[in-house]
Amino acid sequence: MHDRVYKTDDEWRQQLSPEQYRVMRQKDTEPPFTGAFWNHGEEGVYCCAGCGNTLFSSRAKFDSGTGWPSFHSPLVPGHLVQHEDRSSFLRVRTEVACSRCGAHLGHVFDDGPPPTGLRFCINSAALAFESDEEFLEEHLLDEARGDGVESPAYE
């Protein structure tokens, strides 16, 4: 398991773009149909843009018609945490955050497809992408070095 990442507000501002900072640290939402990954179809792994924590496989991605990247399940369930979100006056939602750095990623809803019935609606600004080949090479190198990286539930 990766160690928890703690940074000051100034460190996050230096590392992240202004949009990433608004989304990931201030819990903002990017406009629909504008992010880099809402209609992205390449096979690979989506990671936290703040700390590199592996979050979702492209195999769990689906077109929800909402304009945000949507996934039916996380790659490694323990890499996400969920919190009750009462910031919307319309309804109580469930926020999804990165378990390693605490970054706001988006929300999860119970209107997704099988096999889970869930829709993890994630801001593109909160994601980084690695192709299958890049991810597997990096993961295998980490294991060969004995970095103690947790093996994800990668299909």
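User: What makes strand 1 and strand 9 a pair, and in which sense do they run?

Analyst: This is a predicted model. Pairing needs at least two DSSP bridges between the strands. Strand 1 and strand 9 have five bridges, in the antiparallel sense. They therefore count as a pair.

User: Why are strand 2 and strand 9 called edge strands?

Analyst: The sheet is open and has three strands in the order 2-1-9, with antiparallel pairing. Strand 2 and strand 9 each pair on one side only. Neighbouring strands in this sheet are turned by 30° against each other on average, direction ignored.

User: What makes the set that includes Cys48 and Phe56 a nonpolar core?

Analyst: Members must be buried, of a listed nonpolar type, and joined through side-chain atoms within 4.5 Å. Buried means under 20% relative accessible area. The largest set that qualifies has 26 residues. Cys48, Phe56, Cys101, Leu105 and Phe120 have the most contacts inside it. Suppliers of at least two residues each include strand 1 (44-48), strand 7 (104-109) and helix 2 (18-26). Helix 2 gives the largest share, three residues.

User: How do you know that Phe120 touches Phe56?

Analyst: Contact requires heavy atoms within 4.5 Å. Phe120 meets that cut-off with Phe56, and also with residues including Pro69, Phe71, Leu80, Val96 and His107. Residues up to four places away in sequence are not counted there.

User: How much of the protein is called buried?

Analyst: Of the 155 residues, 45% are buried, so that share falls under the 20% cut-off in relative accessible area.

Note on methods: Residues numbered from 1 in each chain as written. Predicted model: local features only at pLDDT ≥ 70, side-chain atom pairs only at ≥ 80, totals over all residues. Heavy atoms only, no water. Buried < 20%, exposed > 50% of the residue type's maximum accessible area, 1.4 Å probe, protein only. Helix = DSSP H or I, 4+ residues; strand = E, 2+ residues; numbered from the N terminus. Axes fitted to C-alpha atoms, helices over the stretch in contact; angles between N-to-C directions.
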